[in-house]
Amino acid sequence: MKKIFLVALVVLFSSSIYSQKKKVVKPVATKTTAGLAKVDNLVAEIKSGNFQITINENGKPKDAIIIKSVDAKFAPTDCKLTSFTANGAKLYLLVWSEKTTTKTDLKTENIVTINSQVYDLATKTQVFSNFQTTNNITEKVFLDKLKNASETQERIRREGFEFILNADSSITQKNKTQENKWIYDAKEVKYNDAKKKK
C-alpha cells in the first residue's frame with residue numbers, strides 16, 4: 001500500500017512540474033541600420049564614416065551624396081528629408097540638428113545647431129546651405145576679487161539665420177537684424193538673392 005501511495009505521489013508531482021507554463025522568451029532588440037530620414041528613393045544615413053544621402057534604385061544603393069565625414073560620436077537628431085519643386089526642378093531639403101555640451105567648473109554651454117541643406121539630385125549639387133546655432137550658457141560669476149561671493153548667470157547667444165522654405169519654393173533667412181530672400185534659378189542650378197533678380 002505504501003508503494004502504491006509513493007508511486008501515485010511521484011506521478012502527481014511529476015505531472016504538476018511538466019504541466020507548468022513554459023517561460024516566454026522575448027526576442028532581444030537588435031540595432032537597426034535603417035536611415036535617419038527617407039523620401040522617394042532617398043535615405044539620409046550614416047555609412048562608412050560619412051553622413052550621406054543614399055540614392056536607391058530597385059531597393060538597392062546606387063549612388064550617394066556625401067554631406068560630410070563624421071566620427072562615431074556623430075548623432076544627428078530631428079533629421080528630415082523632404083522633396084519640393086522650384087522653377088520646374090525637383091529639389092530635396094535635408095534638415096538635422098546637432099547637440100553638443102561643453103562643461104568646465106564655472107561654465108556650461110549647451111549648443112544646438114540646426115542645419116538646412118538643399119540638393120539638386122539631377123546634378124548631385126548642394127544648391128543652398130544654412131545653419132542656426134543657439135548656445136544656452138550657464139556661468140558662475142564671482143562678484144568680488146577674493147571670490148567670496150558669486151552668482152549664477154544664464155544667457156543665450158545665437159548665430160546664423162532661421163531657415164524658412166516658403167510655399168513658392170523661395171527661401172527666407174531671418175535673424176534679429178536681417179532678412180534675406182532667395183529664389184531658385186534652374187539654369188544656374190543655385191539660389192540667387194531675390195533683390196538682385198529684380
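A residue is called buried when its relative accessible area is under 20%, exposed when that area is over 50%, and partly exposed in between, using a 1.4 Å probe and protein chains only. The structure is a predicted model, in which local features need pLDDT of at least 70 and side-chain atom pairs count only at pLDDT 80 or more, while totals for chains, interfaces and linings use all residues. Residues are numbered from 1 along each chain as its sequence is written, and side-chain values use heavy atoms, with hydrogens and water left out.

A salt bridge is a side-chain nitrogen of Lys or Arg within 4 Å of a carboxyl oxygen of Asp or Glu. The structure contains 7 salt bridges. One of them joins K124 to D63, with the closest N and O atoms 2.1 Å apart. Because K124 lies in the loop between β7 (107-120) and β8 (125-142) and D63 in strand β4 (residues 60-69), this pair ties together parts that are 61 residues apart in sequence. Strands here are DSSP runs (E, at least two residues), numbered from the N terminus. K124 is partly exposed at 41% relative accessible area, and D63 is also partly exposed, at 29%.

Strand β9 takes part in two further pairs. R157 and E109 meet in a salt bridge of 3.8 Å, N to O. R157 belongs to strand β9 (residues 150-160) and E109 to strand β7, 48 residues apart. R157 is partly exposed, at 42%, whereas E109 is buried, at 14%.

R155 forms a salt bridge with E139, the closest N and O atoms being 2.9 Å apart. This pair links strand β9, which holds R155, with strand β8, which holds E139, across 16 residues. R155 is partly exposed, with a relative accessible area of 37%.

Definitions and conventions: Helices (H or I, at least four residues) and strands (E, at least two) are DSSP runs, numbered from the N terminus.
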